Amino acid sequence: MSTELVTGLTTGSDYDPLDDASSWWGGQKNRSRPTMPPDPAAIRRQLAWRRAITGVLAEPEQIRVVFQPIADLARGTVAGYETLARIDAPVPGIGDRLSPDQWFGAAEENGLGPALEGVVIARALTRLDDLPPNAFLTVNVSPHLLGTPELDEAFASVSELSRVVVELTEHVAFGDLESITTETRRLRSAGALIAVDDAGSGYAGLQQILELRPQLVKLDRALVAGADRDPARAALAELLGQFAGRLDAWLLAEGIETVGELATFCRMGVPLGQGWLLGRPADEMLPLADEVRARVLAETSRVAVTDAIASVMISKVTVTTADRCDSPDPQPEPEPLVIVDRSGSPVEMVAPDPRDGVMRKLPVSLRVLASDAADDVLLRALTRSAEHRFDPVVCTDSWGQVIGIALVDELTRHVVKARAEDH
C-alpha cells in the first residue's frame with residue numbers, strides 16, 4: 001500500500017508541500033483559469049495523522065486491547081468480552097489520548113483503514129487463550145473492509161474462529177450487502193459467529209439483519225437508555241427481541257448504566273447485557289464483580305420457573321455432530337438426538353414426529369432459551385409454517401449450548417393449565 005500523500009510528500013519526510021514548486025502554487029503558472037488553493041492547515045493535519053498512524057502500524061505494541069464483559073443476564077456470569085482498541089500515542093499538532101473513533105476515522109481518510117483494523121483484530125485474537133470456559137470474544141469490523149487482504153490475514157492468524165464473534169460496527173448501503181453476505185459466509189465456515197450493531201436505529205438496519213441473519217443482535221443504545229422510564233422505548237426493544245428470536249439470534253442490550261435499565265431487560269428475558277453498570281473495559285478478562293453478579297441474580301430470580309419453557313423441557317437428549325451420526329437416516333433412538341454444526345448450533349434432530357410419535361430426523365425450525373416464557377414460545381411455535389408447526393422446539397442455555405427439547409403438545413397443555421389456574 002502506498003504511503004504517499006496526494007500532495008506528493010513522502011511519509012516521514014520533513015519536506016513541506018507548501019514549498020513544492022510542482023504543487024498547486026507552481027501549477028498555477030501553467031493554468032489559464034486559477035483554481036482554489038488547498039487548505040494548508042488541512043494538509044498539515046492529514047500529514048500529522050498519516051505519520052502517527054504509520055508509526056503505530058510500525059510499532060503495534062502502542063495499541064492496547066481492552067475487554068468489556070458481556071453478561072449472561074440469566075446466570076449472572078460473563079458470556080463474552082468485547083475487544084476495544086486504545087491508542088495512547090500523541091498526534092503532534094492535533095492532541096494526546098485521542099478517541100478510537102478519531103484514529104479509525106483518520107486511518108480511513110488516509111487509506112490505512114484496513115491496515116489499522118487488521119492489526120487490532122490480530123492483537124485481539126492473540127488473547128483467545130485467555131478466554132474463560134464457555135465465553136466468546138467479540139472483535140469489531142467495518143463491514144466494507146471485509147475481504148481485504150489485511151483483514152483476511154488477521155483472521156487467518158489463528159487456527160479456528162469457533163469462539164469469535166465478528167461484530168459489524170457500521171451500517172452500509174443496502175446495495176453492498178451481497179458482497180458483505182459472501183464474506184460473512186466465509187467467516188461462518190471458519191467457525192465464527194456474526195453480530196450486527198445498533199439494531200433499531202433505522203429501517204435500513206432491519207433490512208441488513210434480514211439479509212445477514214446474524215447470530216447476535218445488539219440493541220441500539222438509544223433504546224436501552226431510559227427504557228425503565230419510557231414504556232414505548234421498552235416496547236420497541238421487546239419487539240426487536242422477538243424479531244431477533246424469530247431469526248434464531250440472541251439479543252444483547254448494550255449501554256446498560258442504571259439498575260432500572262438492568263431490571264427492565266432482565267424482566268423482558270433479554271439474554272445478554274453490556275454496559276458500565278455491569279463492567280467497564282479492562283486490560284484483563286475479568287469476571288463480574290460480586291455486587292454486580294448479586295444484582296443480576298436478584299433481578300432474574302423474579303421470573304418464576306413455572307413460567308419458563310424449562311418446566312416442560314425434555315432434558316435427556318444426546319447432542320452430536322453430523323459426522324458422528326451412524327448413517328444419513330439414523331435408526332430410532334431410545335432418546336432424542338440433536339445434531340449440531342461446527343459452531344454448536346443445532347441444525348437437525350431425531351425426535352418424535354408429531355404426526356405419529358415415531359422417532360424421525362426433523363429440521364430445527366425453532367431454537368429458544370430454556371428460560372423463555374412458555375406462552376411466548378408456544379406462540380412462536382404455532383406461527384411456523386404448517387409443515388413444521390408442531391415439530392419439537394430445541395432449548396439451549398444462554399451460551400447457545402443445546403440442553404433439551406420441548407414437545408409442542410406438552411407445551412400447549414402446560415400453558416392452558418397455567419392460564420386456567422390464574423383465573
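**Fold composition and selected side-chain contacts**

The chain contains 13 helices and 15 strands, where helices (H or I, at least four residues) and strands (E, at least two) are DSSP runs numbered from the N terminus. The model is predicted, so local features need pLDDT of at least 70 and side-chain atom pairs count only at pLDDT 80 or more, whereas totals for chains, interfaces and linings use all residues. Residues are numbered from 1 along each chain as its sequence is written, and side-chain values use heavy atoms, with hydrogens and water left out.

Of the 423 residues in the chain, 47% are buried, that is, under 20% relative accessible area with a 1.4 Å probe, protein chains only. Among contacts (heavy atoms within 4.5 Å) with a separation of 6 or more, 64% join residues 24 or more positions apart.

One aromatic pair was identified; rings of Phe, Tyr and Trp (its six-membered ring) pair if their centres lie within 6.5 Å, and planes over 60 degrees apart count as edge-to-face. The ring centres of W49 and W103 are 5.1 Å apart and their planes stand at 85°, so this pair is edge-to-face. Because W49 belongs to helix 2 (residues 40–58) and W103 to helix 3 (residues 100–109), the pair ties together parts that are 54 residues apart in sequence. Both W49 and W103 are buried.

In strand 4 (residues 164–168) lies E167, which counts as buried because its relative accessibility is 2%. Beyond its neighbours within four places in sequence, E167 is in contact with E82, T138, V139, N140, V141, A195, D197 and K218. With K218, the E167 side chain makes a side-chain polar contact at 3.2 Å; a polar contact is a pair of N or O atoms within 3.5 Å, and within protein one must be able to donate a hydrogen and the other to accept it, while residues adjacent in sequence count only if both atoms are side-chain atoms.

Technical notes. Buried means under 20% relative accessible area, exposed over 50%, partly exposed in between (1.4 Å probe, protein chains only). Rings of Phe, Tyr and Trp (its six-membered ring) pair if their centres lie within 6.5 Å; planes under 30 degrees apart count as stacked, over 60 as edge-to-face and the rest as tilted.
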